[in-house]
Amino acid sequence: MIPEKLRGRYAMPGWTANGVEPWGLQPDPIGCDGNLFYRGWLNLLLGMRRYVSGEHREQTSFEVSGYQNRRFSWTHERMANFLSAQFAARPQGPHCENTKIWPFCISAAGLGLKLYDGLLGTALNDPFLGWIEFAKKHYMGRNRHGAIDWFAMYYDPIAKATLTLPGPLNAYSGICVLHYLYPQDPQLCIELYEMAMRQLGWSNPKVPLVQLADDPQMLSTALWMARELGDDITEGRIREVTETQFEPRFFGDENSRFAFWLGLEMQWPRGQINATMMMTECSEPGAWSRVFTRPNVAMHSEPSVRNVDYPNLGLRLARNHMDRRELEIVTTAVTPSKKGTPTEFTVDRLPSGKVKVIIDGHETPHWREVGTDAIAISIDIDTHHIRVAF
């Protein structure tokens, strides 16, 4: 993990290095020259929250704790602007661990700016697009046939050193950016994916699928990308491994929850790896990119389902069809022992006018008004197909 020429006189990756030159000691974990991974992923997380909730809190202040427990006040808006300004000032990219620039962290930070722009109509992601062009020239190389044959794990502009992993391990440098970079530059990610599969041999049915790094996130990311691209052969090979090694099983008091346990023998399944795996189980190809390229901001003012009695009742689907003025809902009994139990949920943001509720193909009177734009629907906990016409 250290360039050969620097070994013995260079800090190992994993140390944030607050205080080293040329930046010196900086107490604010957001408003600093390095530490990109912190604000990069935080900005992406806040963008996700903003998208899901629809709450306009980008100008709401929050505090972060820094060096010696000093407090610093930030807003989502200020942080996004600060990130964008850093990308504009540094075409090579902001530093993560001080003096190290990691494409992995950079791509996540850029994706957060992409989502911010999609939600708020800004252009803060534009400087990141410049970083992609810089990376194509300086953080990867091509063979005589024009195919990418190496990709940087990190770059140190102070030491003027690039860390590339040896041999087929280099593939993991490309895999780790796919989720974050694909919505921004799909063609580049297709080439990185093809490089990785070629170097690891995962796409070759004539050789065994061997994992050179003990990191299930790499395998799950490759599985997601194979499915995204319709690479059925590679997807099948990887899925065979995940089905046998990731310990997929049901759990919970009524054995009604599902997760991949990874053989860790923990009380609860690990969240991040399961989030990635569920993208290959539940979402259709293209769904992830649409969050960033075509976010559905209209949903925040359209009819919404609330006050669901989870975990007794669950929703398989809640989708508006505004062209025919209808909200479609599919429920399920998440807790099997509660099946048949009466419950209700709320639908609000309904436009004024006549409302009709159809459950399993039959109009029902089992609903009531609970506000000027809201109704409560009474059902039993079970699988039901519900349509709310408005």
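Two strands are taken to pair if DSSP finds at least two bridges between them; helices (H or I, at least four residues) and strands (E, at least two) are DSSP runs numbered from the N terminus. The structure is a predicted model, in which local features need pLDDT of at least 70, side-chain atom pairs count only at pLDDT 80 or more, and totals for chains, interfaces and linings use all residues. Residues are numbered from 1 along each chain as its sequence is written, and side-chain values use heavy atoms, with hydrogens and water left out.

The protein contains 11 helices and 17 strands, and its C-alpha trace spans about 75 × 55 × 40 Å along the principal axes. Of its 390 residues, 48% count as buried, that is, under 20% relative accessible area with a 1.4 Å probe, protein chains only.

Strands β7 (residues 248-251) and β8 (residues 257-260) are joined in the antiparallel sense by 4 bridges. Phenylalanine 250 has phenylalanine 258 of β8 as its bridge partner. The two strands form a hairpin with 5 residues between them, and glycine 252 in the turn adopts a positive phi of about 100°.

Nonpolar cores were defined as sets of buried Ala, Val, Leu, Ile, Met, Phe, Trp, Tyr and Cys residues joined through side-chain atoms within 4.5 Å. The largest comprises 74 residues, and Trp131, Ile175 and Trp202 have the most contacts inside it. Helix α3 (residues 103-120) gives the most to this core, with 9 residues. Apart from it lies another core of 17 residues, among them Ala333, Val357, Ile377 and Phe390.

Notes. Buried < 20%, exposed > 50% of the residue type's maximum accessible area, 1.4 Å probe, protein only.
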